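Biologist: Please show me the model, and let us work through it by question and answer.

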Amino acid sequence: MSSMLSDKALIRTASWGGIGGIVLTLFLILLGNIYAGDVNERQRADRNARYGTDSGTVDRVKAVGQINLASSTAASNATTQVAATATPIIDGEKIYNGSCVACHGAGVAGAPRVGDKDAWAERIDKGVTTLYANAINGLQGSSGVMPAKGGNPALSDDQMKAVVDYMIAQSN
Ligand code: HEC
């Protein structure tokens, strides 16, 4: 009898132990899942910090010498604005060497030679406005023909004025 009891007790204990084991296992699985979710979350956050939009990685790995296509209207507007507000720097000497030196460098075909003060003195006396106008529109003078814009219609009036300023500065 007592042995039967103890057998029953043993079975009961064993089954409670079994149930306990199952419960513990389930609990551990649950805990593992919760923890795993946490790890995933942390991995994601870490990955974002390293490679995400705010990490600067996109900037660091983007192509060198990227061409700014006018795809972004905002960007191109900004560029246009900068171009419109910035005072263009015109290099008179450079334009002179490109379009005027052929005649004015050596004084070809009656062109007053740049650097020849005597040749320029009476022209400068006419006033800079006249010289601008004659250089822009051309001049059939007593010594020869000055073609409009030196024969380079691509030059703007402002560019022509800058070149004339340069020529005067070299010749007075
Ligand atoms: C094909 C030759 C030729 C070229 C190129 C040329 N010039 Fe002349 N230029 C002349 C001649 C010739 C005269 C003199 C005309 C005259 O007074 O009879 C002259 C005169 C001038 C004068 C004096 C005008 C005046 O009222 O006395 C200026 C300023 C001038 N040129 C500017 C320029 C500039 C700036 C360029 C370049 C963008 C240029 N020229 C290119 C031939 C040339």
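This is a predicted model: local features need pLDDT of at least 70, side-chain atom pairs count only at pLDDT 80 or more; totals for chains, interfaces and linings use all residues.

Biologist: What pattern does the chain follow along the sequence?
Modeller: The chain contains seven helices and two strands. Read along the sequence, these elements follow the pattern α-α-α-α-α-α-β-β-α.

Biologist: Are H4 and H7 roughly parallel or roughly perpendicular to each other?
Modeller: The axes of helix H4 (residues 92-104) and helix H7 (residues 157-171) come within 9 Å. These axes cross at roughly 70°, and angles of 65 to 115 degrees count as roughly perpendicular. The relation of H4 to H7 is therefore roughly perpendicular.

Biologist: How do the residues of the contact of H4 with H7 divide into nonpolar, polar and charged?
Modeller: On the side of H4, the residues are Gly92, Glu93, Ile95, Tyr96, Cys100 and His104. They meet Gln159, Ala162, Val163, Asp165, Tyr166 and Met167 in H7. By class, the residues of this contact are seven nonpolar, three polar and two charged.

Biologist: Which residues does Ala135 touch, not counting residues up to four places away in sequence?
Modeller: Ala135 is among the residues with the most contacts inside the largest nonpolar core, and so are Met160 and Val164. When residues up to four places away in sequence are not counted, Ala135 touches Met146, Met160 and Val164.

Biologist: Is Leu131 buried or exposed?
Modeller: Leu131 lies in helix H6. Not counting residues up to four places away in sequence, Leu131 touches Arg123, Lys126 and Val164. A residue is buried if 20 or more other C-beta atoms lie within 10 Å of its own. Because Leu131 has 20 other C-beta atoms within 10 Å, Leu131 is buried.

Biologist: What distance separates the C-alpha atoms of Leu131 and Ile168?
Modeller: Leu131 and Ile168 are 37 residues apart along the chain.

Biologist: Is Lys149 buried or exposed?
Modeller: Lys149 is found in the loop between E2 and H7. Its phi is near 55°, a positive value in a residue other than glycine, whereas most residues other than glycine have a negative phi. With 20 other C-beta atoms within 10 Å, Lys149 is buried.

Biologist: Is Ala109 buried or exposed?
Modeller: Ala109 has its place in the loop between H4 and helix H5 (117-125). Phi of Ala109 is near 55°, a positive value in a residue other than glycine. Because Ala109 has 11 other C-beta atoms within 10 Å, Ala109 is exposed.

Biologist: What distance separates the C-alpha atoms of Val108 and Gly144?
Modeller: Val108 is placed in the loop between H4 and H5, and with 12 C-beta neighbours inside 10 Å Val108 counts as exposed. Leaving aside neighbours within four places in sequence, Val108 is in contact with Ala102 and Cys103. Val108 and Gly144 are 36 residues apart along the chain, and their C-alpha atoms are separated by 9.3 Å.

Biologist: What percentage of the residues in the chain do buried residues make up?
Modeller: The chain has 172 residues. Of these, the buried residues make up 13%.

Terms used:
Residues are numbered from 1 along each chain as its sequence is written. Axes are lines fitted to C-alpha atoms, for helices over the stretch in contact, and angles run from 0 to 180 degrees between N-to-C directions. Helices (H or I, at least four residues) and strands (E, at least two) are DSSP runs, numbered from the N terminus. Angles under 35 degrees count as roughly parallel, over 145 as roughly antiparallel, 65 to 115 as roughly perpendicular and the rest as oblique. Two residues are in contact if their C-beta atoms, placed from the backbone, lie within 7 Å. Ala, Val, Leu, Ile, Met, Phe, Trp, Tyr, Cys and Pro count as nonpolar, Asp, Glu, Lys and Arg as charged, and the others, Gly among them, as polar. A nonpolar core is a set of buried Ala, Val, Leu, Ile, Met, Phe, Trp, Tyr and Cys residues joined through C-beta atoms within 7 Å.
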